[in-house]
Structures are given as structure tokens and as C-alpha cells.
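Take a look at the structure below.

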There are 4 protein chains.
Amino acid sequence: MSARISDSAMYAHLWGTPEVREVFDESARVQGWLDVLVALARAQAASGLIPLSSAEAIAEAAKVDRLDLDQVGVATRETGHSTLGLIRELQPLLPESAREHLYFKTTVQDVTDTWTALAVRTVGGIVWRDLRAIEARLLELSAQHRDTLMCGRTHGQPGAPITFGWKVASWADEVRRHLDRLREGSDRWLTVQLGGGLGTLVDAGPSALEVRARFAAELGLNEPRISWLSSRDRPAEFGHLLAMICGTLARIGGEVYELQRPEIGELAEPRPAGVVGSITMHHKRNPEGSEHLDTLARLARSSSGVLSESVVSQHERDGRAWKAEWVALPEVCLLTGSALSLTRRLVDGLEIDEDRMTANLRTHLGQTQNPADPGAAPLMVDRVLRHARAARAQESEQWP
Amino acid sequence: MSARISDSAMYAHLWGTPEVREVFDESARVQGWLDVLVALARAQAASGLIPLSSAEAIAEAAKVDRLDLDQVGVATRETGHSTLGLIRELQPLLPESAREHLYFKTTVQDVTDTWTALAVRTVGGIVWRDLRAIEARLLELSAQHRDTLMCGRTHGQPGAPITFGWKVASWADEVRRHLDRLREGSDRWLTVQLGGGLGTLVDAGPSALEVRARFAAELGLNEPRISWLSSRDRPAEFGHLLAMICGTLARIGGEVYELQRPEIGELAEPRPAGVVGSITMHHKRNPEGSEHLDTLARLARSSSGVLSESVVSQHERDGRAWKAEWVALPEVCLLTGSALSLTRRLVDGLEIDEDRMTANLRTHLGQTQNPADPGAAPLMVDRVLRHARAARAQESEQWP
Amino acid sequence: MSARISDSAMYAHLWGTPEVREVFDESARVQGWLDVLVALARAQAASGLIPLSSAEAIAEAAKVDRLDLDQVGVATRETGHSTLGLIRELQPLLPESAREHLYFKTTVQDVTDTWTALAVRTVGGIVWRDLRAIEARLLELSAQHRDTLMCGRTHGQPGAPITFGWKVASWADEVRRHLDRLREGSDRWLTVQLGGGLGTLVDAGPSALEVRARFAAELGLNEPRISWLSSRDRPAEFGHLLAMICGTLARIGGEVYELQRPEIGELAEPRPAGVVGSITMHHKRNPEGSEHLDTLARLARSSSGVLSESVVSQHERDGRAWKAEWVALPEVCLLTGSALSLTRRLVDGLEIDEDRMTANLRTHLGQTQNPADPGAAPLMVDRVLRHARAARAQESEQWP
Amino acid sequence: MSARISDSAMYAHLWGTPEVREVFDESARVQGWLDVLVALARAQAASGLIPLSSAEAIAEAAKVDRLDLDQVGVATRETGHSTLGLIRELQPLLPESAREHLYFKTTVQDVTDTWTALAVRTVGGIVWRDLRAIEARLLELSAQHRDTLMCGRTHGQPGAPITFGWKVASWADEVRRHLDRLREGSDRWLTVQLGGGLGTLVDAGPSALEVRARFAAELGLNEPRISWLSSRDRPAEFGHLLAMICGTLARIGGEVYELQRPEIGELAEPRPAGVVGSITMHHKRNPEGSEHLDTLARLARSSSGVLSESVVSQHERDGRAWKAEWVALPEVCLLTGSALSLTRRLVDGLEIDEDRMTANLRTHLGQTQNPADPGAAPLMVDRVLRHARAARAQESEQWP
């Protein structure tokens with residue numbers, strides 16, 4: 001039963017892409033948690049804390065498709081514990097001797113925070129890829145329209161001329177800054193959590209930190225200097241970056257939305273075959289995608305705010321702050337995935353009406369001011385292009 | 001596939017009750033939309049706009065279980081239109097002659113806003129019922145502990161004595177104000193939307209407002225004076241009230257959370273049989289429910305903020321604002337349902353340790369200040385009780 | 001030294017009106033606090049708690065212009081206490097015998113919450129007056145343009161025709177709902193706080209509640225049933241209503257902002273003599289006022305969110321929540337005052353270009369669809385007018 | 001007249017430090033704007049756009065103390081233009097020939113955005129300095145209490161032992177991440193704006209970008225690749241970082257607030273001589289500073305949210321978004337300054353009661369579990385210390 005419209009059969013596509021949904025889908029999430037437990041068992045076995053045979057048995061058994069998730073749900077509700085239901089369903093799949101080595105010296109938040117780091121890795125990779133694709137298209141448009149004159153507008157009013165390429169270059173440059181931020185933050189975000197109940201790795205023996213290092217290595221994540229159970233700046237920073245990215249995409253969308261007004265008519269978002277704008281008004285062509293980018297940005301900002309609030313956590317674990325992240329972090333990731341995908345389609349198929357641009361320029365600036373002077377706009381375009389191309393040439397297509 | 005943890009098999013119970021989930025569940029929502037279309041057809045038939053036979057055929061066909069929602073989803077994605085997929089699936093179920101009378105002279109937002117009003121009616125009823133049940137229990141506790149002395153605390157520090165009943169009466173009085181607000185707002189919220197594409201009821205003939213009145217009567221909702229497609233104070237007000245209610249419940253939860261610290265030990269939330277606090281620390285008894293009330297309040301505030309933003313809508317319809325409501329309004333309802341349910345269990349089974357209250361009072365206020373004087377606290381309790389009882393005696397158990 | 005641009009000599013006018021600023025101005029605030037202390041002393045004297053001569057001496061001395069506020073500031077910082085600096089400056093102005101009767105059996109929050117209720121009374125009165133003035137003008141415009149055809153617009157795109165009066169009537173109806181809310185909430189907001197340190201009126205003797213009743217009567221405010229030191233739904237509700245009102249005004253402003261685009265040209269905000277739109281582009285006429293309404297609404301929403309967070313308060317006083325209100329509640333009042341004043345000017349001088357409305361309608365809807373049919377729009381205007389006029393006829397020009 | 005309590009004579013110290021207030025004080029701000037105009041004139045003179053003598057005359061005249069700010073305010077209100085009042089007051093101080101070269105080919109936002117970058121440089125420097133001072137003290141405490149055993153607490157309940165040094169190291173590590181973020185973002189934030197009305201540097205001649213480069217060099221700021229009038233990720237990122245920093249400081253404050261409860265008694269905030277906790281309850285010692293950190297964090301988060309909303313800007317200038325920054329960015333800076341200053345005092349004078357830590361550990365964990373085992377906590381402390389010390393040794397005491 002799906003009570004969230006964002007998970008519905010009819011409308012889920014508006015609030016997440018299949019690709020990001022796959023990261024947070026329940027069975028993927030549970031599999032992710034199991035993978036974390038497997039990595040932990042391997043690290044513990046390598047350090048001699050548990051028998052190697054137990055680690056192998058755990059790796060063998062920890063497959064989400066061997067579990068009945070509804071039954072896990074029942075046990076979760078019965079115990080009122082976040083992972084005990086899962087463990088109780090999983091243990092019977094293990095040989096007797098390995099059962100006590102499942103979920104050994106660890107705690108819920110070790111599993112969920114580490115899994116979140118894995119999810120952030122995938123989502124961050126998607127964001128990196130899509131932002132770069134958007135940037136590539138924007139650079140192309142910007143170069144192509146470096147000298148395409150149009151009205152600049154301030155306070156909603158046509159003013160002196162700009163070029164369309166210059167407008168687009170401002171978007172591209174903003175996207176590039178987000179790419180920089182993604183790169184800068186990755187080391188902070190892609191970090192395991194391992195500490196057990198209080199975060200101290202108590203009872204984990206003298207090799208405790210060695211286990212943690214192996215655990216991180218198993219997963220290809222970083223080791224923290226210290227447990228961060230109630231130190232929540234990492235998700236707050238990542239979530240806010242995604243919300244800013246959604247803001248940038250909504251800025252692009254908003255520009256199309258406004259310039260697609262027939263009274264202006266300079267831009268139009270692409271209209272895939274088969275799409276119906278309005279049943280009652282057939283002639284209308286609504287900028288639905290552009291508009292939706294704003295909706296997504298509002299929701300992303302709202303969820304990001306929840307993450308920022310969680311920075312103020314109490315003691316060694318604060319369920320109030322942390323459980324709010326369970327909802328808010330995937331939410332902002334899903335919304336961002338949708339916004340990126342929408343924007344890619346938007347900029348790829350963007351219709352640009354140069355004639356209207358010229359006509360509007362004539363109308364609003366008057367005959368006397370022509371030929372219109374875009375000032376240093378084309379030169380600024382060149383700078384944006386040069387910088388972005390150089391950065392792109394040096395960086396990986398993968399993140400991090 | 002459920003990508004929201006709030007819709008997951010394992011954790012959905014934390015973020016919504018079955019009862020509220022049933023309101024927003026996809027099939028219930030679609031049935032609700034169909035019910036709205038049926039009411040519209042009936043109203044139109046009664047006014048002679050469409051044949052009665054068409055209205056009857058629509059009423060006959062408009063059953064969610066006759067539709068393949070996944071197929072509706074496919075058609076929704078293909079058309080890029082919010083309801084056209086649904087209509088296209090439904091039309092073949094109608095006799096040829098009735099097909100054009102389905103979704104006649106109406107628009108998406110007529111259907112969704114009216115359905116939302118129906119959902120608000122159900123959710124508001126649940127909130128009313130649960131708040132009154134919580135109030136009843138709080139009044140009971142308040143009367144019972146009218147004179148139970150304990151430390152008052154300001155800035156986290158024990159100060160002069162209060163009574164436990166007085167503390168509880170402050171909660172009860174706040175709950176009563178929320179009940180007042182629920183009552184005052186109902187006429188505003190339980191209002192249909194009917195106007196067609198622009199909201200003007202164009203082409204609906206001279207009986208247009210008569211149809212709207214019949215439509216409202218069919219559904220037991222109010223008629224607006226004017227279409228409110230881009231006038232969104234109603235959802236903003238309702239959502240904020242729910243968020244405030246969640247805040248009040250989180251205040252109660254927070255008090256239990258803090259006073260359950262073993263160092264204080266004056267209160268404890270009930271612990272259902274079978275519940276496991278901590279796997280690693282067996283002796284611990286975590287105030288998970290109380291804590292969760294704070295999480296729910298954070299998320300509800302966040303979604304409520306989205307609704308407030310929607311008040312600033314543009315022109316005659318603004319998809320940016322309105323689509324954000326699609327997510328945010330159900331969300332705040334679901335979270336509130338969960339918070340109410342949790343609080344009912346919390347206050348019903350609340351453990352009160354009078355001995356610790358007395359002991360703490362002695363420790364912190366010292367021997368010399370005893371007997372402790374609670375001032376006019378008991379008299380204030382009496383006032384709260386008197387007012388609430390009188391109000392309860394006069395009001396309906398149902399809302400609105 | 002003014003570090004807030006909102007308090008600056010150059011720009012304060014953008015972020016508050018003189019009238020609302022006068023409510024929150026430091027000397028007015030301190031005088032308000034002193035008035036509260038005088039009312040308390042009178043109530044205590046009437047109940048025999050302190051000598052009448054002391055109450056008279058306090059009333060005589062409690063004049064803000066007899067205090068050196070900078071010196072009060074020094075003493076406030078030295079003691080680290082919110083009101084002790086004030087008391088220490090005031091006591092020397094009293095005869096020896098009356099000194100102990102100043103600030104007798106009370107606490108900071110009694111004074112500040114009660115003063116806030118007084119401020120809310122004044123601000124609410126201004127809001128009531130201005131909203132009614134705006135409504136009056138909107139009704140006038142609505143009646144006048146009941147049949148003035150123009151393009152309706154959805155998703156930013158011109159659609160079927162509406163009338164300008166109908167658009168305005170939707171604003172008017174929304175304003176009317178805010179007036180309803182203002183009326184409904186007044187009893188909750190205009191309530192004194194009196195309870196001393198913990199809120200229990202300890203040591204206030206058997207006449208404690210009698211003193212509180214007299215105190216409330218002195219100030220013309222309501223008596224609460226129970227102290228509300230950490231029960232903060234009242235400010236949260238009031239603040240959110242103001243934020244919604246700002247949202248409504250921003251909706252009106254946004255409409256002017258968009259329809260003032262020269263490409264559309266249907267509306268224009270008035271331009272007072274002497275105002276310069278742009279130094280660099282002399283021909284431009286920026287919708288600065290309309291635009292600013294959106295800025296004000298953003299800031300008001302933001303401050304209102306702080307108030308909602310304060311509902312989750314701890315124990316018998318929670319400085320974290322309450323001190324945040326010190327900043328956020330005046331802020332939202334100041335911003336709302338500014339938004340109301342701006343909107344009054346906007347709607348009073350609004351320029352309406354019927355020719356452009358007609359021309360745009362022709363352009364976008366085409367010759368074939370004319371004569372344009374506004375459906376039941378004019379009839380809806382009539383309903384709005386009838387309801388509002390009836391309500392206005394029955395209600396007071398004053399609030400509450 | 002100060003209508004904001006945050007600017008009041010009595011309470012301004014709670015909402016900003018003298019040092020940060022000095023940055024945003026009206027006369028400092030105006031001087032900053034004048035400095036920007038001087039730098040612009042110099043750059044324009046160097047490129048031959050205006051005579052050198054004009055640049056010199058402007059530098060000579062552009063002194064805030066030669067202006068009557070109240071008169072500037074009057075002219076600002078009369079013109080309804082943000083800087084025209086200032087220019088009109090300043091021009092008479094210039095020789096006739098230089099007057100047209102003041103504010104030459106520039107626009108309001110060039111001046112204010114560039115000044116904001118200057119302000120951010122000062123504020124960022126203060127934040128850097130204070131965070132490093134806090135870090136230094138935390139490292140000291142952490143080393144000193146590396147092995148001081150105490151109860152860890154999760155969900156508000158005492159659990160297994162930790163060490164106090166480990167708790168503090170978690171704070172220190174979070175502070176270090178903020179220092180990293182400050183370093184990483186500086187190049188983005190410390191960037192001039194120069195583009196004239198639309199941002200294109202129209203009419204600035206072939207040397208337009210050369211002028212911009214000189215302008216940036218004059219001020220020691222970076223040159224952007226392209227104007228960023230409506231590209232507002234920079235302030236959004238900086239503001240959010242400050243809000244996160246406030247969150248971290250509120251986390252530290254919250255810990256003291258809770259552990260200072262006499263029932264726990266493990267920590268206490270310092271109490272400066274002369275400070276009075278409560279007039280009515282003399283024995284009380286309220287954690288006022290710790291508590292206030294939470295208030296500051298709430299307000300900072302709220303203002304930061306406004307900045308994030310501004311990312312969605314329209315066209316080439318969007319006053320709605322930008323004017324909101326005028327209020328919100330200084331606000332978050334002022335609040336952060338206050339939070340840093342409070343935290344410095346808090347951690348410098350923090351009282352640590354090791355006996356209570358031991359006693360609580362005994363009480364809650366029981367005799368049988370002793371000697372208590374802090375696991376790898378001390379080793380994690382070592383890692384935090386090692387990393388932070390190495391970073392400190394390599395970095396400048398100044399920012400950026």
C-alpha cells in the first residue's frame with residue numbers, strides 16, 4: 001500500500017527517477033544493510049574476532065531475496081527495534097555456530113549510516129554525471145548563442161541587451177561551482193560508521209580500529225577519525241548541496257517558464273510526442289517540466305532544512321535527529337534525481353526562437369538604440385567556456 | 001517498489017497509521033477521485049447538463065478495482081497529464097454515449113482539491129477524535145495528580161515545586177485550544193473546488209452555480225464563494241494547525257524523554273511486552289516513542305512550511321505551488337496520525353513515580369523549604385478541568 | 001549603532017512602518033514593560049498584597065524617560081539577567097518603602113509575555129484596519145471590473161477568458177478569510193501571563209488568582225486558565241497568520257509584477273512622483289513595490305517558522321524557545337506592517353489597462369472564440385461582494 | 001529608533017558581537033560602499049575611462065563622516081532607489097568635473113554584492129579565528145580528559161562508558177570539518193560583482209574586463225568569470241555553513257545544558273562574577289549561555305533558509321531574492337559571531353566534575369561492570385588530536 005503519492009504507481013515518476021529509486025527501494029536498502037553486515041563480518045574475521053567460516057556463512061546467507069520482508073516488518077513492529085526483526089529473520093538461515101557472529105559488536109546506526117554513505121556514493125555519482133551532462137549541453141548552447149542578442153530583464157522588465165549564450169553561461173558557471181562542491185565534500189561524506197552501541201568500539205578488543213579500517217576498505221569508503229553517531233554535519237552538508245542544485249535547476253526552469261509565455265515567446269520547453277497540455281484548452285502548451293523543477297526545489301529545500309536541524313544532536317546518539325534523516329536524506333536525493341533528469345530533457349530539447357528575441361529587442365529598446373550592444377557579455381561567455389572546458393578535461397567522468 | 005522508508009514494509013508504521021494511510025493509499029485516492037467525478041456527473045445530470053443515464057453509467061463504472069492502476073500509470077506517463085491516463089482507462093468501461101460525459105467541463109484541480117477536502121474531512125475527524133481522547137486522559141491525570149508535588153524546572157534546572165497535575169493541565173489546555181482551532185477552521189477547509197480550466201465554469205451554462213451547489217451537496221462539502229485554484233490559504237492553515245498539534249505532542253513526548261532519564265526517574269513511557277530497547281545494552285529502557293514524537297514534529301513542520309509557501313501562487317493556476325501540496329499535505333496528515341496514535345499510547349500507559357518526585361523535591365529544594373508550596377497550581381488545574389469538561393459536554397464526538 | 005539594515009536610517013522604511021516600529025521601539029517596549037509592572041502593582045495593592053502607596057509610587061516612577069537606557073544596558077550585561085538591570089535603574093527612583101514592591105512575586109516572562117500580548121493587540125488592530133482597507137479597495141475594483149474581460153492564465157500561459165473583477169475578488173475573498181482568522185484567534189492571543197518563577201503564583205497568598213484577574217482587567221487582556229510559560233501555541237498561531245497574510249499580499253504583488261511586464265502590460269503599480277526606477281535605464285519602470293512584497297513574505301515565513309518550532313518547549317520555562325520568540329515575533333509583525341502599507345498603496349493606485357486586456361485576449365484566444373465567455377465569473381464576483389459587504393456591515397472597525 | 005531587539009541598547013549583545021556589529025553597522029556599511037566606489041573609480045581611471053583627477057576627488061570625498069545619513073535616508077525614500085539618495089548627497093562634495101564619474105557605469109548590486117564579499121571576508125576571518133580558538137581549547141580538553149571515564153548516553157539514557165575527552169574530540173573533529181569548508185569555499189565567496197545594469201558591462205568599452213580585473217585587485221577580491229547578479233549560490237552556501245556552525249555550537253551548548261542538570265551534575269558552564277541566575281530562586285544556576293546557543297542556531301537556520309530560497313532567481317536581476325539577502329546574510333553573520341563568542345567563553349571556563357562522572361558511572365552501570373571499558377575511545381581521541389594538530393601546524397591563523 002502506497003500512501004505517499006511520491007511512491008504511487010501513477011505519479012512516482014514525478015518525484016524520483018527509476019535509477020535513484022533503485023538506491024532507496026526497500027529491497028535494495030535491505031540488501032545494502034546486509035552488504036554492510038557482510039563487510040563487517042569479513043573485517044572481523046580478518047582480525048580474528050570471529051571465525052572465517054562465520055563470515056563466509058553470513059556472506060552466503062545475506063541475500064535479500066531469501067528474506068520475507070513483510071515478515072521482517074512484523075518482527076520489527078513486535079520488537080519495536082529497528083534491526084532486530086531483520087536479524088531474527090536472517091539468523092535461521094545461518095548455521096548454528098555463525099548466528100552469534102551476525103551483527104556482532106555493532107549497532108543499528110553503524111549499519112544505517114554506513115549504508116547511507118554507500119547510497120550517497122551512488123547518488124553523488126548520478127548527480128555528478130547528470131550535472132556534467134547538463135553543463136556540456138549548456139556550454140554548447142552558450143557557445144552557439146554567444147552573440148545571439150536578446151533583451152536582458154531585471155525586475156521582470158526588459159532592459160539593455162544581453163546575449164542568450166551569456167544567460168546560459170551564467171547557468172553553466174553555477175553548475176560548475178556545484179561540481180566543485182561535490183568534489184570537495186566527497187571525502188567527508190563517503191565515510192563509514194563503526195562503533196557499536198555508544199560508538200567506542202567497546203569489547204572489540206585491541207584490534208578494534210584495525211577492524212574498522214578493514215571494514216571501510218571492504219566497502220571502499222573512508223575511515224572516520226572518530227565515531228560520528230551524533231555529529232551530523234555530513235548529511236546536512238550533502239543535503240544542502242543537493243537542495244542548492246535543485247535551486248539552480250529551478251532557476252533554469254523558471255527562466256524557461258517565463259520566457260515561454262506567448263507574450264514573450266523566446267524559449268519553449270520540448271514537448272514529447274503524445275503529451276497533452278490541457279484537455280480543456282487544446283491550444284495550450286504548458287511548461288510543465290520547467291514548472292515542476294520549482295516544485296522539486298521547494299520540497300528539496302524543505303527536506304534539507306530537516307537535515308540542518310539534526311546537527312544539534314544530543315549525547316552519544318539522538319534518535320530525534322537521526323530518524324528524521326531516515327526520511328529527509330533519501331527524499332532530497334530522490335527529488336534531486338528527478339530534477340536532474342527533467343533538466344537534462346529540458347536543455348537537450350530547448351527551443352530557442354531567435355526571431356522573437358530580435359523582435360522583442362526592437363520593441364522594447366527602440367530603433368534608436370540599435371545596433372544593440374551586449375557589452376562584454378560575449379567575452380564573459382568565453383571565460384566560462386574556457387574554464388569549464390579545462391576543468392572537464394582534467395576531471396574524471398566518475399564521482400568521486 | 002517503495003523508495004520512501006515511510007512507505008516501506010518494515011518502517012511504514014513509524015510514519016503513518018493504517019487508518020490515515022488508508023485515506024491516502026493510492027487505490028483509496030483514485031476511488032476518491034472517481035467519487036468526485038460521480039458526484040459531478042450526478043450534479044450535472046440533475047441540472048440537465050448531461051443525461052441521467054450517463055451519470056448512472058459513470059457511477060456504475062467508477063470503481064477503482066475495475067482499473068489497472070499500473071496501466072493508468074503508463075498512460076499518465078505517456079500523456080504527461082495528471083488525469084488523462086485515468087480517464088482513458090475508465091472510458092472503455094462506459095457505454096459509448098456516456099464517455100463524453102465523464103470528466104465533463106472540469107479540470108484536474110477540481111477533482112484533486114475536492115478530494116483533498118474529503119480527505120481533510122476524514123483526517124480532521126481522526127485528529128478531533130484522538131485529540132479528545134488524549135485530552136480525556138490528560139484531564140484524568142491532571143485531576144488525579146492535582147496535588148502531587150514535584151520539582152518544577154526552568155532552563156533545565158529544578159526550581160520551586162509544582163504539581164504533576166498542573167504540568168499535565170498545561171498540556172490539556174493547549175490541546176483544547178487546538179480543538180477550538182479545528183472547529184473554527186472546518187468551514188474553510190471542507191469546501192469543494194469546481195470551475196473547469198480557469199475556474200470560471202465556462203460553458204457550464206446558466207445553471208453553472210447551481211451545478212456547483214449540487215456537487216457540493218452530493219459530497220456534503222461547502223460551496224466556495226469563488227474558485228480557489230490559486231488561493232491556497234486553506235491548505236496552509238490546515239497544515240500549520242497539524243504541525244502545531246505535532247509540536248504539542250512533541251512537547252509532551254519531550255517531557256517524558258527528559259523526566260525518564262534515570263537520574264530523574266519521575267516518568268516512564270509504557271513498554272509493551274516484547275519490545276527490545278537495545279541489543280547491546282540490555283538494561284536500557286529507551287524512550288523511543290517520546291523521542292519519535294519530536295522526529296514527527298520536525299518533519300510535520302517542514303512539510304507545513306511548504307504549504308505556507310504555496311500561498312504565493314501565480315495567476316489562475318500555479319502548478320509550482322499546487323503540486324508541492326500534493327506531497328506536503330498528505331505528508332503532514334500521515335505524520336500527525338502517527339503522532340496522535342503514539343501519544344495516546346504514551347499517555348494511556350504513562351508510568352508516574354511519585355516517590356521519585358518527592359525524593360527529587362527534597363534533594364533539590366532542601367529540607368528547610370518544606371512543606372513545599374505549589375502556590376495556585378491546584379486552583380489552575382481546577383480551572384482547566386472545569387473549562388474542558390464544559391466544552392466536552394457541549395460538543396460532538398464527531399468532527400466537524 | 002544599527003547593525004540590522006532593517007533598523008537603518010536609509011532602509012528601515014522597507015522593513016517596517018513607523019506605526020509598527022513604534023510598538024517595538026526600545027523605549028516603547030520598555031515603557032510597555034513598565035506599564036505591565038504598574039498594572040501588577042495596582043492589582044497587588046487592590047488585593048492587599050502591597051501597600052497602595054507603593055503601587056502609586058511605582059506608577060509615578062515607571063516612566064521610560066526617567067531611565068537611562070544605555071545604563072540599563074550596562075547593568076543588563078553585568079548581571080546577565082534580562083530585567084534586573086532595568087529594576088536596578090528604577091528602584092532608586094522609588095521611595096525606600098516601595099522598592100521591594102516593584103517587580104513583586106513576578107518573573108521576566110510574566111512581564112514580556114504580557115507586554116507581547118499588548119503589542120499583539122496594537123499590531124492586530126493595525127492588521128485588521130489595513131486588511132479591511134485593502135478589502136474595501138479590492139471590493140471596489142472587483143465591482144467596477146466585474147465584467148472586464150481579460151486572459152486567464154494557467155501555468156503562465158494565457159487560457160480562456162476571465163474578468164479582472166473576478167481575479168480581484170479571489171484576492172478579496174482570501175483577505176476576508178484572514179479577517180475571520182484574526183477575529184477567531186483574538187481571545188487566545190490577548191492573554192496575560194502571571195505566575196512568578198515557575199508559573200504557580202507561589203507565595204502570592206490565597207488571593208493569587210484574584211490578583212491575576214485584576215492584573216488582566218487593568219490591562220484589558222484576558223486571564224488564562226493556566227500559566228503558559230512553556231505553552232507557546234499562541235505566538236506560533238499569530239505569527240503564522242501574519243505570514244499567511246504576507247503570502248496573500250505577495251500573491252497580489254506577484255500578479256502585478258508579472259502583468260506589468262511590458263510584453264503583457266495589463267497592470268502597473270503606481271509610481272509616486274520623484275521615484276527613479278533605474279539610473280542606468282531611464283525608460284524602465286520597475287515594479288519595486290510588488291516585488292518587495294515577495295521579499296517580505298519570504299522573511300515573514302522564515303520568522304514564523306521559528307515561532308512554530310517554539311511550540312516544542314521543555315519543562316516549565318524553556319529559554320531556547322522563548323528567546324527565539326523575542327526576535328521572531330516582532331520581526332514578523334514589522335514585516336507584515338510593511339507589507340500591508342505597501343499593498344494599500346499598490347491597490348489604491350493600481351493602473352489597469354483595459355485596452356491591453358482586450359488586445360491580449362484577441363491575440364491569444366483568436367478571433368473565432370469571441371465574444372469571449374467568462375462563464376460564471378461575474379456571478380462569483382457577486383457572491384464575494386455580497387458576503388464581504390454583509391460581514392463588513394456587521395463588524396467593528398476596531399480589533400479585537 | 002531601534003525596533004529590533006537585536007539592535008537594542010539592552011539586548012543587542014545577545015544577538016551579535018561588537019566586532020561583527022561593526023562590520024554591518026550602518027556607517028561601516030556605507031563606508032564600505034564608498035570604498036567600493038573608490039576602487040571602481042581607480043580601476044576606471046587606470047583604464048582611462050575616467051580622468052585620474054576624478055578618481056582622486058572621489059577617493060577624497062567618499063568618507064561616511066562627511067555625509068548626513070539621515071538626509072541620505074530622506075533622499076532614499078524620496079527617490080525610492082537604493083543608492084540614488086547616497087549619490088545625491090555625495091555629489092556636491094565633488095568638484096563639478098568629477099560628479100559624473102561617481103557611480104560610473106555601475107549599478108546598485110555591483111556595489112552591494114562587492115561590499116558583501118568584503119564583509120564576508122571580515123566575518124569569515126572572525127569565524128576562522130574563533131573556530132580555531134574553540135578547536136584549540138577542545139583539543140586541550142580532549143587530551144586532558146582522554147581517559148576520564150563517564151557514562152555515555154543514548155536516547156537520553158546512560159549506557160556504556162565513554163571518556164569525556166572522546167565526547168569533546170567529537171566536537172573538535174566537527175569543528176575541523178567546518179574549518180575545511182571555510183577554506184574550500186573562500187575562492188567562491190570572495191568575488192566582486194561588476195557589470196552595470198544588466199551585468200554585461202555595456203558601454204564600458206573594450207577594456208571592460210580589464211577594469212573589472214583592476215577593480216577586483218584594488219579590493220583584494222577575486223574576479224568572477226561572469227556576472228552573478230541572479231546566480232546566488234555563493235551567499236546560500238556561506239550562510240548555510242554559518243548555520244551549520246551555529247548548529248555545532250548549539251550541540252556543544254546542549255550537552256552542557258543537559259549535563260548541568262543537578263541530577264547529573266557532570267558539567268557546568270562558567271558563571272562570571274556578578275551574574276544573577278534568578279531573582280526569585282537564588283540558589284539556581286541556569287545554563288543561560290548554553291541555552292542561548294540553541295536560540296542562536298534556530299535563528300541562523302531560519303535566515304540561512306531564506307538565502308537558499310534566493311538561488312531560484314529570475315532573469316538578470318531578481319529583487320525578490322536579492323533584497324531578502326540584504327536582511328538574511330548579515331543576520332546569520334551576526335548570530336554566528338555571537339554564538340562563537342559565547343562558545344569561546346563556555347569552553348574556556350567549562351567546569352568538569354570528574355567525581356560526579358565517576359559516581360554516575362557507578363550508579364548506572366553497576367558495580368559488576370567495573371572497571372569500565374571505554375573501548376577504543378582513547379585511541380580515537382589520539383587520531384583526532386593528531387589530525388587537528390597537523391592541520392593547525394600547516395595552516396595560516398588568518399583567513400582566507
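Helices and strands here are DSSP runs, numbered from the N terminus; a helix has at least four residues and a strand at least two. By that numbering, Pro400(A) sits in the segment after α14 (377-394) of chain A. The model is predicted.

**Backbone details**

Pro400(A) is joined to Trp399(A) by a cis peptide bond, with omega about 10°. Chain B has a cis peptide bond too, between Trp399(B) and Pro400(B), and its omega is about 10°. Pro400(B) lies in the segment after α14 (377-394) of chain B.

Where is Leu201(B) placed? Leu201(B) is in the loop between α8 (164-189) and α9 (208-219) of chain B.

The size of an interface is often given as the accessible area lost when the parts come together. Chain C and chain B bury about 6600 Å² between them. Of that area, 57% is on carbon and sulfur atoms. Which three residues of chain C supply more of its buried area than any other three? They are Arg225(C), Ile226(C) and His315(C), with 12% of the area that chain C buries against chain B.

The contact involves 74 residues of chain C and 74 residues of chain B. Across this interface there are 14 salt bridges. One of them pairs Arg177(B) with Asp233(C), whose closest N and O atoms are 2.7 Å apart. Polar contacts join 35 residue pairs between the two chains, counting pairs with both residues at pLDDT 80 or more.

Several elements of chain C give two or more residues to the side that touches chain B, among them β1 (149-154), β2 (157-163) and α10 (233-259). The helix α10(C) gives the most, with 13 residues. By class, this side of chain C has 24 nonpolar, 23 polar and 27 charged residues.

**Two domains in chain A**

Chain A is divided into domain 1 (18-104) and domain 2 (107-193 + 226-394). Their C-alpha centres lie 38 Å apart. Domain 1 of chain A puts 15 residues into the contact, and domain 2 of chain A puts in 18.

The two domains bury about 1400 Å² between them, 83% of it on carbon and sulfur atoms. In domain 1 of chain A, the residues that lose the most area to domain 2 are Val20(A), Phe24(A) and Trp33(A). Together they account for 38% of what that side buries.

How many salt bridges are counted between the two domains? The count is 1. Glu19(A) and Arg129(A) meet in a salt bridge through their side chains, at 2.7 Å from N to O. On the domain 1 side, α1 (18-24) and α2 (26-46) of chain A each supply at least two residues. The largest share, 6 residues, comes from α2(A). That side has 8 nonpolar, 4 polar and 3 charged residues.

| Interface | Buried area | On carbon and sulfur |
|---|---|---|
| Chain C and chain B | about 6600 Å² | 57% |
| Domain 1 and domain 2 of chain A | about 1400 Å² | 83% |

**How chains A and D are related**

Chain A can be laid on chain D with an RMSD of 0.0 Å. The move is a turn of 180° and a shift of 0.0 Å along the axis. The two copies are therefore related as by a two-fold rotation axis. The same surface serves both: 100% of the contact residues of chain A recur in chain D.

Notes. Residues are numbered from 1 along each chain as its sequence is written. Chains are lettered from A and ligands numbered from 1 in the order in which they are written. This is a predicted model: local features need pLDDT of at least 70, side-chain atom pairs count only at pLDDT 80 or more; totals for chains, interfaces and linings use all residues. Side-chain values use heavy atoms; hydrogens and water are left out. Contact means heavy atoms within 4.5 Å. Buried area is the accessible area (1.4 Å probe) that two parts lose on being put together, summed over both. A salt bridge is a side-chain nitrogen of Lys or Arg within 4 Å of a carboxyl oxygen of Asp or Glu. A polar contact is a pair of N or O atoms within 3.5 Å; within protein, one must be able to donate a hydrogen and the other to accept it, and residues adjacent in sequence count only if both atoms are side-chain atoms. Ala, Val, Leu, Ile, Met, Phe, Trp, Tyr, Cys and Pro count as nonpolar, Asp, Glu, Lys and Arg as charged, and the others, Gly among them, as polar. Domain bounds come from an automatic or database domain assignment. Copies are superposed by least squares on the C-alpha atoms of residues with pLDDT of at least 70 in both.
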